[in-house]
Amino acid sequence: MDYVKFGVIGCGGAWNFHRLGCKNVPQLKFTAAHDVDEKNLKRAVKFQKCEGFSKLDDLLNSDIDAVLVLVPHFLHKDIVVAAAEAGKHVLCEKPMATTLEECDEMIAATNKAGVKFMIAENHRFLPAHVTIKDMLDNGIIGDVFLGRTYEGAFCPADEFLNPNRWNFTYDKGGGGVVADQGVHKFTMLTWLLGEVDSAQCWLGKALDSPPTKGEDNAIILLRFKSGAMVTVDLSSVTVHPLTNRTELHGTKGTILEDHAWEKPIQVFSSHDEAKVKGEFYSIEVDHGPYPQYYTIAAREEDSYFANCILNDKTPEFAPEQARAGVAVVLLSYLSAKRGSITHMDELVEIYKSKGTKSVLNGLLEVTQMNYKKMKW
Ligand SMILES: NC(=O)c1ccc[n+]([C@@H]2O[C@H](COP(=O)([O-])OP(=O)(O)OC[C@H]3O[C@@H](n4cnc5c(N)ncnc54)[C@H](O)[C@@H]3O)[C@@H](O)[C@H]2O)c1
């Protein structure tokens with residue numbers, strides 16, 4: 001096999017950055033597409049010059065090696081399971097699913113079918129984040145004890161205000177900004193800092209969105225088993241182009257990262273191996289402020305997954321690590337409901353008893369209605 005033939009399932013917004021990011025990637029081709037929306041399917045077929053299938057089964061029975069799943073969150077589990085059962089390798093957008101039980105079913109089905117399975121979590125593949133991970137592994141800032149991280153996006157108001165759109169809904173999206181954007185930060189932080197011990201979370205609505213829609217702002221305080229304490233600030237309504245930011249402080253230095261900067265990483269370190277000792281210095285990585293860093297990450301993650309298929313390697317970013325990000329989403333929601341610091345053990349208890357879907361009930365009642373004091 002010279003390249004991997006991918007069938008795309010769901011040709012909406014996310015399809016654009018995968019398509020643009022992989023334009024010149026020789027290891028893969030998007031040769032087929034399926035969407036329940038005829039207009040979106042036609043557009044994808046026209047742009048990509050690929051074969052269109054209006055039925056999922058027909059796509060899965062076609063001559064493709066893998067699927068790229070880009071559908072609303074509540075559909076991830078069923079579509080991933082169907083693709084695995086059809087013997088296709090699966091790359092699926094974040095969040096892995098809306099509950100831990102769905103994640104388990106996806107892992108079991110892909111293991112049983114013996115296909116490769118990875119979540120397309122762009123924060124695991126952004127060159128800036130890979131560089132930060134290398135620096136932490138090499139001790140450049142020592143042991144991290146404190147941090148903060150932010151993702152802010154100015155989403156089209158339609159996504160929150162239109163009751164017919166699935167985005168940010170409790171039932172189809174698995175919640176608001178914590179499920180949609182927080183999962184990026186949680187998956188990145190658990191990769192960098194290890195397991196989460198406990199969380200404290202506040203949820204707010206700055207927009208007067210329908211009651212079916214979740215929070216558009218949140219603050220989560222995370223304590224890691226390592227002892228590190230990190231603040232996670234999330235918003236879908238901040239008025240600037242999409243960006244994300246991370247600040248980590250360790251026993252030998254500090255890393256500042258902002259995807260709105262041309263050079264997204266600044267480091268201060270007292271480590272002997274630091275590029276410059278005792279002064280802030282920047283690091284060159286493949287990057288451009290939004291939307292470039294999105295297409296760069298799509299290129300990195302999609303080509304990495306294609307290489308795993310071509311070389312029969314198991315992706316290093318295991319589905320269990322993506323599941324850990326979903327666990328922190330649910331832990332945050334549980335904390336918001338309890339109004340207190342909540343331990344991961346308490347979520348595990350719920351997982352073992354009534355199931356984690358129960359965590360998603362009653363979130364509206366614990367969300368601050370901040371829009372009442374705001375003029376947009
Ligand atoms: N990495 C990122 O930062 C990022 C950014 C945007 C979206 N995403 C993720 O990509 C996924 C898709 O989001 P989006 O913004 O493209 O949503 P979207 O609503 O723009 O597109 C979803 C597409 O799926 C289609 N669809 C719905 N039900 C379907 C079904 N049963 N079978 C086949 N197609 C179906 C819709 O018609 C639509 O074309 C989500 O998981 C989302 O979180 C990730």
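Is R245 buried, partly exposed or exposed? R245 is partly exposed, because its relative accessible area is 37%; here buried means under 20% relative accessible area, exposed means over 50%, and partly exposed is in between, with a 1.4 Å probe and protein chains only. The close-ups below come from a predicted model, in which local features need pLDDT of at least 70, side-chain atom pairs count only at pLDDT 80 or more, and totals for chains, interfaces and linings use all residues. Residues are numbered from 1 along each chain as its sequence is written, and side-chain values use heavy atoms, with hydrogens and water left out.

**View 1. R245 and D258 form a salt bridge.** Let us start with the residue from the opening question. The closest N and O atoms of R245 and D258 are 2.8 Å apart; a salt bridge is a side-chain nitrogen of Lys or Arg within 4 Å of a carboxyl oxygen of Asp or Glu. R245 lies in strand β11 (residues 243-250) and D258 in strand β12, so the pair ties together parts that are 13 residues apart in sequence. Helices (H or I, at least four residues) and strands (E, at least two) are DSSP runs, numbered from the N terminus. D258 counts as buried, at 6% relative accessibility.

**View 2. D197 and R223 are joined by a salt bridge.** Side chains of opposite charge can pair when their charged atoms come close. For D197 and R223, the N to O distance is 3.8 Å. D197 belongs to strand β8 (residues 196-205) and R223 to strand β9 (residues 217-224), so this pair ties together parts that are 26 residues apart in sequence. D197 counts as partly exposed at 22% relative accessibility, and R223 counts as partly exposed at 42%.

**View 3. K77, D78 and E105 form one network of salt bridges that share partners.** Within it, the side chains of D78 and K77 meet at 2.9 Å, N to O. D78 is partly exposed, with a relative accessible area of 46%, whereas K77 counts as buried at 16%. A search of the whole structure finds 17 salt bridges.

**View 4. Six strands make an open, parallel sheet.** Follow the strands in the order β3-β2-β1-β4-β5-β6; two strands pair if DSSP finds at least two bridges between them. The edge strands, β3 (51-53) and β6 (117-120), each pair on one side only. From one strand to the next, the twist averages 25 degrees; axes are lines fitted to C-alpha atoms, for helices over the stretch in contact, and angles run from 0 to 180 degrees between N-to-C directions. Strand β1 is largely enclosed by the rest of the structure, because five of its six residues are buried. Six bridges join β1 to β2 in parallel, and V8 has A33 in β2 as its bridge partner.

**View 5. Strands β4 and β5 pair in the parallel sense.** Four bridges link β4 (residues 66-69) with β5 (residues 89-93), and L68 has L91 in β5 as its bridge partner. Helix α10 (residues 292-310) packs on the sheet, touching β1 (4-9), β2 (28-34), β4, β5 and β6, and its direction makes about 165 degrees with that of β5. Contact means heavy atoms within 4.5 Å.

**View 6. Strand β13 pairs with β12 and with β14.** Five bridges join β12 (residues 253-258) and β13 in the antiparallel sense, and a hairpin of six residues connects them. Three bridges join β13 to β14 (residues 281-283), again antiparallel. I265 stands opposite E257 and has I283 in β14 as its bridge partner. The covered face of β13 (residues 265-269) holds I265, V267 and S269, while Q266 and F268 are on the uncovered one.

**View 7. A153 and F154 sit in the loop between β7 and α7.** A153 is buried, with a relative accessible area of 7%, whereas F154 counts as exposed at 52%. Not counting residues up to four places away in sequence, A153 touches several residues, among them Q181, S235 and H240. The C-alpha atoms of A153 and H240 are separated by 6.9 Å, although these residues are 87 apart along the chain.
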